[in-house]
Amino acid sequence: MTMDVRTGAGVFWRWWTAGTTSLVGSAVGAVALPLTALTVLDASPFEMGLIAAASYAAWIVIGLPAGVIAQRLPLRGTQVGADVARALAVASVPLAWWWGQLSVAHLVVTALVVSFANVLFDVANSTFLPSIVEREKLQSRNSLTSATHAATQLSGPSLGGIAVQVLGAVPTLLVDAASYLISAALLRTLPARRVETPDRWPPMHELIREGWRFVAHHPVMGPGMWAATAVNFVCGAQLALYPLYLVRELHAPAGLVGVLLAVEGVGSLIGAALTPRITGRVGTARALVVACLVAVVGAFVIPLGTGWPAYLAFAVGNVVFAGGVVVLSVTTRTYRQTASPPELLPRVMATVRFVSWGAIPVGGLVAGALAGLLGARVTLLVFAAAVVCAPLALLLSPVRRLRDLTDHDRAAGAEPERDPVPAAR
């Protein structure tokens, strides 16, 4: 059983600062890496899709075992080790370039290494948060972390685009590597998690199956997971197609590419800030359905127009889509963190992300293949139609009859203190 490591607000803010630092670097790297592939290596649409898929492939490979691993390993050591691994992988790209050995295969391998480290880090990080934050503050802290992520999306790509124009795409990746090292140093100061280990752990497959059954058979978490999977499938396509669409079809310069990609952060910031108000006014269950419908509208607006109107449509659609996705993400994540039994939480988080985040590389690969045949704009429209599956997953489930997600728990006799959104009431 995990022991509570709550030692005051200082622990949370160090945790938050570490995550924010690495997020800024990652946002810069998210611009620099695809631009390296496009401008330095002249990557094809399929190769762009392959790089985007590799960035999330680990969720398919170790997404389910990650929950068990995070439950057994020292939390702080896992997070620090993941940060160091990511720093070394990203730093290898400039080294290979300076030695004249850089290739698309190297970028794919780098993305894979970062992907595997991301999986372990993310599961450990999301499991750690409820242990340092009181239950009544969890919704607001989740909104804060989503808002912070949005702010880094807003500033990071813009900084990345400017850095690429000034330094070049490859040297800019050193900023990303440095951010991981700073994050590791900050996380090293957090208290170590103390775990009461049993004399004998059950077999890993039994622990994985228990987490899977809990989520898949849950009438609220299950539909939420499938809605997130549909959204992330499209997000994977967007990761692969956005640089291609902006550079090859709209002929945007690197600086403008960074700005347009950063606009997603505006939508995420708005969504994170409004989530408590929206869920409090209409209910968490209804907010999920509305958020998914809003995301559908945004996805269809993104690839419209030509010339400067196309830039405007891309920006507006990006804001609307991201806003809907963040409301979905914050609300379902908070519900999982508070409605799951503590001993199951790491496996619940890993199961959901195995399925939903595992859809991201699939979307990237499919988008890369289709873009080679149809072009980036048409492929983006095809994937916009796929977002419709998100609200359908909720409307075809018991969620459609609920005002709040916790209404089902109360009807089933769940403990009343497992309310995931007290701050929104």
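Phenylalanine 321 counts as buried, at 3% relative accessibility. The residue sits in helix H12. This is a predicted model. The protein has 16 helices and zero strands. Of its 425 residues, 56% are buried.

**Phenylalanine 321**
- With 3% relative accessibility, phenylalanine 321 falls under the 20% cut-off and is therefore classed as buried.
- Leaving out residues up to four places away in sequence, phenylalanine 321 touches Val231, Val234, Cys235, Gln238, Ala295, Gly298, Ala299, Ile302 and Val387.
- Serine 268 lies 53 residues from phenylalanine 321 along the chain, and their C-alpha atoms are separated by 8.7 Å.

**Helix H12**
- H12 covers residues 307-339.
- The helix has 33 residues and reaches 48 Å from its first C-alpha to its last.
- That span is close to the 48 Å expected at 1.5 Å a residue.
- H12 is mostly covered, with 25 of its 33 residues buried.

**H12 against H9**
- Helix H9 (residues 221-249) packs on H12 at an angle of about 150 degrees, and the axes are 11 Å apart.
- That angle makes H9 roughly antiparallel to H12, because angles over 145 degrees count as such.
- The H9 and H12 crossing is left-handed.
- From H9, the contact draws on Met221, Ala227, Ala228, Val231, Val234, Cys235, Gln238, Tyr242, Tyr245 and Leu246.
- From H12, it draws on Ala310, Phe314, Asn318, Phe321, Val325, Leu328, Tyr335, Arg336 and Ala339.
- By class, the H9 contact with H12 has 16 nonpolar, two polar and one charged residues.

**H12 against H13**
- The axes of H12 and helix H13 (residues 345-374) come within 9 Å and cross at roughly 150 degrees.
- H12 and H13 are therefore roughly antiparallel to each other.
- The crossing of H12 and H13 is right-handed.
- H12 contributes Arg333, Arg336 and Gln337 to this contact, while H13 contributes Leu345, Val348, Met349, Val352 and Arg353.
- By class, the contact of H12 with H13 has four nonpolar, one polar and three charged residues.

**Helix H11**
- H11 (residues 284-301) has 18 residues and reaches 26 Å from its first C-alpha to its last, close to the 26 Å expected at 1.5 Å a residue.
- Its buried residues are Thr284, Ala285, Ala287, Leu288, Val289, Ala291, Cys292, Ala295, Val296, Gly298 and Ala299.
- The cover over the buried residues of H11 includes H9, helix H10 (254-282), H12, helix H14 (376-386) and helix H15 (389-395).
- Ala295, Gly298 and Ala299, buried residues of H11, are among those touched by phenylalanine 321.

**Aspartate 42**
- Aspartate 42 is found in the loop between helix H1 (9-40) and helix H2 (45-54).
- This residue has a positive phi of about 50 degrees although it is not a glycine.
- Aspartate 42 has a relative accessible area of 58%, over the 50% cut-off, and so counts as exposed.

**Contacts across the chain**
- Among contacts between residues at least 6 apart in sequence, 88% join residues at least 24 apart.

How values were computed. Residues numbered from 1 in each chain as written. Predicted model: local features only at pLDDT ≥ 70, side-chain atom pairs only at ≥ 80, totals over all residues. Heavy atoms only, no water. Axes fitted to C-alpha atoms, helices over the stretch in contact; angles between N-to-C directions. Helix = DSSP H or I, 4+ residues; strand = E, 2+ residues; numbered from the N terminus. Parallel < 35°, antiparallel > 145°, perpendicular 65-115°, else oblique. Left-handed = near helix turned anticlockwise from the far one by under 90°. Contact = heavy atoms within 4.5 Å. Nonpolar A, V, L, I, M, F, W, Y, C, P; charged D, E, K, R; others polar. Buried < 20%, exposed > 50% of the residue type's maximum accessible area, 1.4 Å probe, protein only. Expected span 1.5 Å × (residues − 1).
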